[in-house]
Amino acid sequence: MSGAGGPRPGAEGLSDAASIASRVRSGELRAADVAEQVLGDVESRDAELHCFNLVTGEAMRAAAAEVDRLVATGADPGPLAGVPVALKDNLCTKGVPTTCSSRMLEGWSPPYDATVVRRLVAAGALVVGKTNLDEFAMGSSTENSAFGPTRNPWDTGRVPGGSSGGSAAAVAAGFAALALGSDTGGSIRQPAALCGVVGIKPTYGLVSRYGLVAFASSLDQVGPFATTVADAALLLETIAGHDEMDSTSLGGPVPRLTEALRSGVDGLRVGVVRDFLADASADCVAAVRNGADVLSRAGASVEDVALPELLHGLSAYYLIAPAEASSNLARYDGVRYGLRVDGEDVEQMNARTRAAGFGPEVRRRIMLGTYVLSAGYYDAYYAQAQRVRTLVARAFARAYEHVDVLLAPTAPSVAFPLGAKTEDPLEMYLADLFTIPSNLAGHPAMSVPFALDGQGLPVGVQVLAPALGEVAMLRAGVALESGATPGARGPVRPGAVV
Amino acid sequence: MSGSPVAAAGDDRLAGWETVVGLEVHCELATATKLFCGCPNRFGAAPNTQVCPVCLGLPGSLPVLNRRAVELAVRVGRALHCTIRPSTFHRKNYFYPDMPKDFQISQYDEPIDVDGYLELPSGRRIGIERAHIEEDTGKTAHLGGGGRIHGADRSLVDYNRAGVPLVEIVSRPDMRGADEARAYVAELRAILVASGVSDGRMEEGSLRVDANVSVRPIGAERFGTRCEVKNLNSLRSLGRAVEHEAARQVALIETGERVVQQTRHWDEVEGRTSAMRSKEEANDYRYFPEPDLVPLAPDEAFVEAAAAGLPLMPADRRARLAALVPHEADGLLPASTADQVATTVDLGLDDLVVAAMACGADARLALARTANEAAQTPEAARRLDPQAFARLVELEASGSLSATQAKAVLAELLAGGGEPEEIARRLGYEALGSGALVDALDAVVAAHPAEWARYLAGEDKVAQLLTGQVMKATKGRANGKAVAAALAARRG
Ligand SMILES: [Zn+2]
């Protein structure tokens, strides 16, 4: 275990995605060299961190060769040409194992690519591999993985957050310039904050869910990790947009996200969610207050807003998400794919398969969700939770009459030690207290690495915006980034080798 | 709605009891592709060849609603006089190996079609509570253990049918007895085929029926406890199952026992219903709104476009045909005529009758020849030239052909087409044509001037003698009625 604030693993590693793409496209840098460096780095350091469930080295080398060939022939290799990208292992990859970090799907390879994966590959990105997660994305520390936890590159005795901990840590460690995660209740933003990288949960429907293995369908959204706000915007722009394979995907043009980055925050109206500050650590509260000052100095107006309803989001979420999960995960029954444990009859085979294939947290949520939807309890739990969901959305709407974006802590604390919360699920659930409301409302939100605590661990600040408010959100995000404590974000430094 | 009791014919076990039936009919929609994916909706392909990640429910796949299926559901609603309304999809959760996702996407408390009716040939209206869209399941084959899932050694699943679009049409408990239940399904099938919604092939599973059956003493107001009988794959099974189930319930009640509300399985071979294992029906389906689909809110333009080109429904066609036939003094159709109307429409021959009438054919006779004779070969009848058919009917109506002769000519017309007059000549009925008859009459009048004078003077009984002479002159081939008519016409 290395001490916090010690030498940053990967500090001499990758530069940002925009730079890599620009240099690969110009022919100055070969994609093949990027691939070799990344694969060598992962080979030497990921045994300890366990960011990846699977590294797809051969495919990465082949993709790099294709990018280099296109560059050589003068063809357009795409906006993410040669950029190494890590994929959360709940995104379907054709012919490549997709496990959701569960014994249930160990060894299963989908016959198709997720829409976001297709778009990434079409943009010239190089897929490094599939990253670790809490089983079926249920958790906030990546300790619920059936294949062992991921360690935080800032301090390997601590968790990276979750559920997209592998993706967040891969970017923080310099294994990939970009990564995709999924965010159902904070699963991108919370690990982004704990790993000192940028993470965005987009507006519900902005990014296709086709090929994202469902946890809670009405809340799930795919989003980017990056070391800079600009890179996150670039990746989001690449994967966003209507997909006819996803009925909940939005129509209309994708907002010009990368253009927003130059707009500044002059005149932007910012509200600080006062109700969240009482439940956050002093370092996290200080980061929000300092972030507000940064925005204010850059020309934004800042006020405190009272949104007590948002705190009820957590309990509504822990009824709605398990309810949907209990249905989404019913298909893992041993009949068609994945694990099968034989039994005397079909029912026994189903039961044995599910008992053996799912870990304790997944089983807990399936039981909770099944109960919530049961006859006689539906109104008291599921229907009531939906009413709370409406209240949360109304509270946001009230705030957004006065402000363009909201500022809040991303997580209640910095990265916590491995094992600190595994014995107490409710304590673990609280890690998502500040991120859940955006999922319930379908709104975008991002975590920006902003400060370091006394131990040198990164602290994130969360920017929340109304539906399709990504442009305002990114404007605030860029301003926060430029006012952040030096060294607070991902261990990437100027003058990187690549 | 009238609830006239109809006892099951020939089943005295049910004497004094009324059988109440409500039906749930699952109808496969005749779309080119499945409900939520692009796989072909085709019967009879090799197992598991019409599948994709979506209809196999693979992790990460999502449903996208088939627009054509919605259009066809709108047509069903229109044809059944339903209100077509905004609707939503729910998940019906239960574990079964033929269901790839272990839930079925179905419309639950907000179906697309509500509050309609279906009018039987008898004129009775059966209420339609709702019709909703849902996806079909795959098909399981159980090896060993008597072909049921419990006790089977192995089970094989074919997912070709998984995700095929269905509408489930739920009637109100308005049917009284097995015959009416059968008539309802036959009528519904005709409506679905006419609407272009289904091929109506029960033997291929395009229509599947579950029956809710209860009994009550004739005259009672309150419904008895009902049982749902599943696995009814033909009209015959439906009729037998309803009769058996009603008799079973009556026997229970008459021996002092109670009917327990339950789901029962119809065994076609044994000819009896049996209770499903309680485990099989103890499901709590945990319905909740399907988060992967958006609410369905067809606007008026969509509904009108979907319903455009709906042909007249059987009940409307029966009404149209009945209106063209003379009614009794009491304003009603004779029962036999109503039956002829129903048969004619059922076989799709009403257009023939209507067209023949437009050419001047006698309505009742045209209907009778269609329903009784042409109906024997409906394929040929649908190709019949209405003008030729109309002339045939007129030859009979005018007495130029006897009924027997007209039927023989019609048989020829149906077999090979042609002109009825020419066929009649070829069959030797030519002499009976009006020209030959007049010639024969002329000769008889010339040969019997005295008798003719007496007839002219009003002595009607002489007509018999004159007719006899004409019959003799035509060697008995004349039509007696036609001769009498010709005599009367000549007297003026
Ligand atoms: Zn399919």
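Predicted model: local features only at pLDDT ≥ 70, side-chain atom pairs only at ≥ 80, totals over all residues.
Residues are numbered from 1 along each chain as its sequence is written, chains are lettered from A and ligands numbered from 1 in the order in which they are written, and side-chain values use heavy atoms, with hydrogens and water left out.

Start with A:R25 and its partner. The side chains of A:R25 and A:D76 meet in a salt bridge, at 2.8 Å from N to O. The term salt bridge stands for a side-chain nitrogen of Lys or Arg within 4 Å of a carboxyl oxygen of Asp or Glu. A:R25 sits in helix α1 (residues 17–26) of chain A and A:D76 in the loop between α3 (57–73) and β2 (84–88), so the pair ties together parts that are 51 residues apart in sequence. Helices (H or I, at least four residues) and strands (E, at least two) are DSSP runs, numbered from the N terminus. A:D76 counts as exposed, at 55% relative accessibility.

Over all chains, the structure holds 58 salt bridges. Two in chain B have buried partners. B:R208 forms a salt bridge with B:D136, and their closest N and O atoms are 2.9 Å apart. This pair links distant parts of the chain: B:R208 is in strand β11 (residues 207–217) of chain B, B:D136 is in the loop between β6 (125–135) and β7 (139–143), and 72 residues separate them. B:R208 and B:D136 are both buried. B:R317 forms a salt bridge with B:D350, with the closest N and O atoms 2.8 Å apart. Here two helices of chain B are linked, α6 (residues 314–324) through B:R317 and α8 (residues 350–358) through B:D350, and the two residues are 33 apart. Both B:R317 and B:D350 are buried.

Now turn to the interface. Contact (heavy atoms within 4.5 Å) takes in 35 residues from chain B and 40 residues from chain A. The two chains bury about 2800 Å² between them, 58% of it on carbon and sulfur atoms. B:P59, B:L62 and B:R286 supply 22% of the area that chain B buries against chain A, more than any other three residues. Buried area is the accessible area (1.4 Å probe) that two parts lose on being put together, summed over both.

Polar links cross the interface too. Between chain B and chain A there are 17 residue pairs in polar contact, both residues at pLDDT 80 or more. A polar contact is a pair of N or O atoms within 3.5 Å; within protein, one must be able to donate a hydrogen and the other to accept it, and residues adjacent in sequence count only if both atoms are side-chain atoms. The count of salt bridges between the chains is 2. In one of them, the side chains of B:D102 and A:R336 meet at 3.5 Å, N to O. On the side of chain B that touches chain A, β3 (90–93) and β15 (288–289) of chain B each supply at least two residues. The residues of that side divide into 22 nonpolar, 5 polar and 8 charged. In this division Ala, Val, Leu, Ile, Met, Phe, Trp, Tyr, Cys and Pro count as nonpolar, Asp, Glu, Lys and Arg as charged, and the others, Gly among them, as polar. A network of salt bridges links A:R209, A:D246, B:R91, B:E290 and B:D292.

Most residues other than glycine have a negative phi, and most peptide bonds are trans. A cis peptide bond joins A:G162 and A:S163, with omega about 10°. A:S163 is found in the loop between β3 (126–131) and α5 (165–172) of chain A. A:A137 lies in the loop between β3 and α5 of chain A. A:A137 is not a glycine, yet has a positive phi of about 70°. A:A137 is buried, with a relative accessible area of 3%.

Last, the cysteines. The structure holds 0 disulfides over all chains, a disulfide being a pair of cysteine sulfur atoms within 2.5 Å. The sulfur of B:C82 is 13 Å from the closest cysteine sulfur, in B:C27, too far for a bond. B:C82 is buried, at 11% relative accessible area.

Conventions
Buried < 20%, exposed > 50% of the residue type's maximum accessible area, 1.4 Å probe, protein only.
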